[in-house]
Amino acid sequence: MLYNSWMPDSMTDILLITQIIYKTMAKYSSQPVSINGSQADVYNKISNLGAYQELLDQMPDDLRQKAGDVRFTDEAIIINANPVGEIRLEIIDRHEPDLIKLKASNAPVPMFLSLELDKETDSTTKLVSVIEVDVPAILKPMIGPKMQEAANQMATLVGRLFNGNDQAS
């Protein structure tokens with residue numbers, strides 16, 4: 001029968017197909033941002049999240065508003081994401097000198113943020129912010145642009161914290 005030829009054979013097949021169709025880990029990478037500083041220096045500063053709060057507090061109001069409602073502790077970034085509420089991004093992995101990975105708690109879906117560092121020159125480092133989020137496929141068109149914007153904003157924010165008021169490139 002033609003109708004039955006495409007039907008799954010078992011419950012395991014149905015679960016596998018459902019997982020593939022409805023939920024997959026989507027990955028959103030920022031545009032690269034050039035940061036003033038050697039890769040080792042940038043890694044050491046990024047891995048000390050608590051130091052960002054003071055830098056953030058010193059930013060001009062217009063740049064601070066672009067950063068949104070964000071706070072930093074020694075081991076976490078705390079973002080107030082309306083209407084979801086407070087999301088904590090806690091450091092779960094460090095690979096000196098090129099990767100810091102954070103995992104979201106209190107998020108409605110599993111989510112990870114990676115800050116990837118690559119040496120450009122002895123005095124500049126390229127940063128790419130990568131957000132991985134587990135979302136139903138049907139929601140990707142709605143969520144995707146916001147996640148891409150968030151990845152770009154995170155990279156820009158870190159670049160501005162390092163480069164001062166200069167525009168991160």
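I started with Lys 27 and found that this residue stands opposite Glu 132 in E8. This is a predicted model, in which local features need pLDDT of at least 70 and side-chain atom pairs count only at pLDDT 80 or more, while totals for chains, interfaces and linings use all residues. Residues are numbered from 1 along each chain as its sequence is written, and side-chain values use heavy atoms, with hydrogens and water left out.

**Partners of E8**

I looked up strand E1 (residues 24-29) next, and E1 pairs with E8 in the antiparallel sense over six bridges. Pairing here takes at least two DSSP bridges between two strands; strands are DSSP runs of at least two residues and helices (H or I) of at least four, numbered from the N terminus.

Strand E2 (residues 33-36) also runs antiparallel to E8, joined by four bridges. There I noted Ser 34 opposite Lys 126.

Then I turned to strand E7 (residues 111-119), which is antiparallel to E8 over nine bridges. I found Leu 115 opposite Ser 129, and a hairpin of four residues joining E7 to E8.

**Cover of E8**

How many of the twelve residues of E8 are buried? I noted ten for this strand (residues 124-135), so E8 is mostly covered; buried means under 20% relative accessible area, exposed over 50%, and partly exposed in between, with a 1.4 Å probe and protein chains only.

I finished at Leu 139, in the loop between E8 and helix H6 (140-163). Why does Leu 139 count as partly exposed? Because its relative accessibility is 31%.
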